[in-house]
Amino acid sequence: MPQPLVPSPSRLASHTWESASGILIVPLGSTEQHGPHLPLAVDALIAEAVADDLADRWGSQGVAAVVAPVLSYGASGEHEDFAGTISIGTAAMRTVVVEIGRSAGRWAERIVFVNGHGGNVEALSEAVALLRAEGRDVRSVGCGVPGSDAHAGRTETSILLHLSPQSVRVERQAPGETRPLDEIFPLLRECGVAAVSPNGVLGDPTGASAEEGAHLLEAMGDAAWEAVRR
């Protein structure tokens, strides 16, 4: 049975058309493998958490800001050798972002896309450039932190232990490919993640903790806030 919609001033989906206004924050994620221990929704969960944080910060300043439903499909072709991954590709992603911006731009004062998946960057940057060229107040921010590992390693595992501990299969976590991303990127780009990491992990989740995840998520929120304020 569907869960009842809980009214929330920061969630667009709980508003009526008469109350939808202000800054629109759109989290962008993916549905893709994150190793044997993390759920397919990692990028969407992180993007949504950062988007919620931005809405709270604007709200504390008396600025109306709402978070759109997360877009849980992205450009994830490099993960398609793993079951569960659903990729819409760069071209479709670019089109979706442009159309969201054009539609929401009819009523939103400003649109901020919060991106939780690296594979979306090309589509997102092109879409934002087009929307801005059309005269819309649009920008994007990422969810990265300096020194983080690439995929399903300690960084994302720690954040999920903080955000959704019940979704982490701790007993299944194991190191994957730990060489620097620059070193493996040519093969990864040509052949996909499975060619460099059979378990889908780029990094080492060993030692991940909810406490570290809380600090990492706070750092992501701080960085996103500084970016949108500029």
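Biologist: What makes E177 count as buried or exposed?

Modeller: This is a predicted model, and every value is computed from it. E177 has a relative accessible area of 14%. Buried means under 20%. So E177 is buried.

Biologist: Where does E177 lie, and which residues does E177 touch?

Modeller: E177 lies in the loop between α4 (154–163) and α5 (181–191). Leaving out residues up to four places away in sequence, E177 touches I184, V196, S197, V201, L202 and G203.

Biologist: What lies 2.8 Å from the backbone nitrogen of R179?

Modeller: A polar atom of the side chain of E177 lies there. The cut-off for a polar contact is 3.5 Å.

Biologist: R179 also has a salt bridge, with E183. What makes that pair a salt bridge?

Modeller: The closest N and O atoms of E183 and R179 are 3.6 Å apart. The rule asks for a side-chain nitrogen of Lys or Arg within 4 Å of a carboxyl oxygen of Asp or Glu. The pair therefore meets the rule. By this rule the count comes to 13 salt bridges.

Biologist: What about D137 and R110: how far apart are their closest N and O atoms?

Modeller: They are 3.8 Å apart, and the pair forms a salt bridge.

Biologist: Why does this pair tie together parts that are apart in sequence?

Modeller: D137 lies in the loop between α3 (121–133) and β4 (138–142), whereas R110 lies in strand β3 (residues 110–115). D137 is partly exposed at 41%. R110 is buried at 18%.

Biologist: How do you know that E134 and R136 form a salt bridge?

Modeller: Their side chains meet at 2.4 Å, N to O. The limit is 4 Å, so the pair qualifies. E134 is partly exposed, with a relative accessible area of 34%. R136 is also partly exposed, at 26%.

Biologist: Which residue takes a positive phi just after α1?

Modeller: G62 does, with a phi of about 80 degrees.

Biologist: What makes A152 worth a look?

Modeller: Most residues other than glycine have a negative phi. A152 is not a glycine, yet its phi is positive, about 65 degrees. A152 sits in the loop between β4 and α4. Its relative accessible area is 0%, under the 20% cut-off, so A152 is buried.

Biologist: How much space lies in the largest pocket, and which residues lie nearest its centre?

Modeller: About 1000 Å³ of space lies in the largest pocket. Its lining has 38 residues, of which E78, H117, G118, G119 and V121 lie nearest the centre.

Biologist: Which elements each supply at least two residues of that lining?

Modeller: α1, α3, β4, α4 and α5 each do.

Key. Residues numbered from 1 in each chain as written. Predicted model: local features only at pLDDT ≥ 70, side-chain atom pairs only at ≥ 80, totals over all residues. Heavy atoms only, no water. Helix = DSSP H or I, 4+ residues; strand = E, 2+ residues; numbered from the N terminus. Buried < 20%, exposed > 50% of the residue type's maximum accessible area, 1.4 Å probe, protein only. Polar contact = N/O pair within 3.5 Å; in protein donor to acceptor, adjacent residues only side chain to side chain. Contact = heavy atoms within 4.5 Å. 1 Å grid on protein atoms, 1.4 Å probe; cavity = no way out; pocket = protein on both sides within 12 Å on 5 of 7 lines; lining within 4 Å. Points joined across faces, edges and corners; volume = space filled by probe spheres on them.
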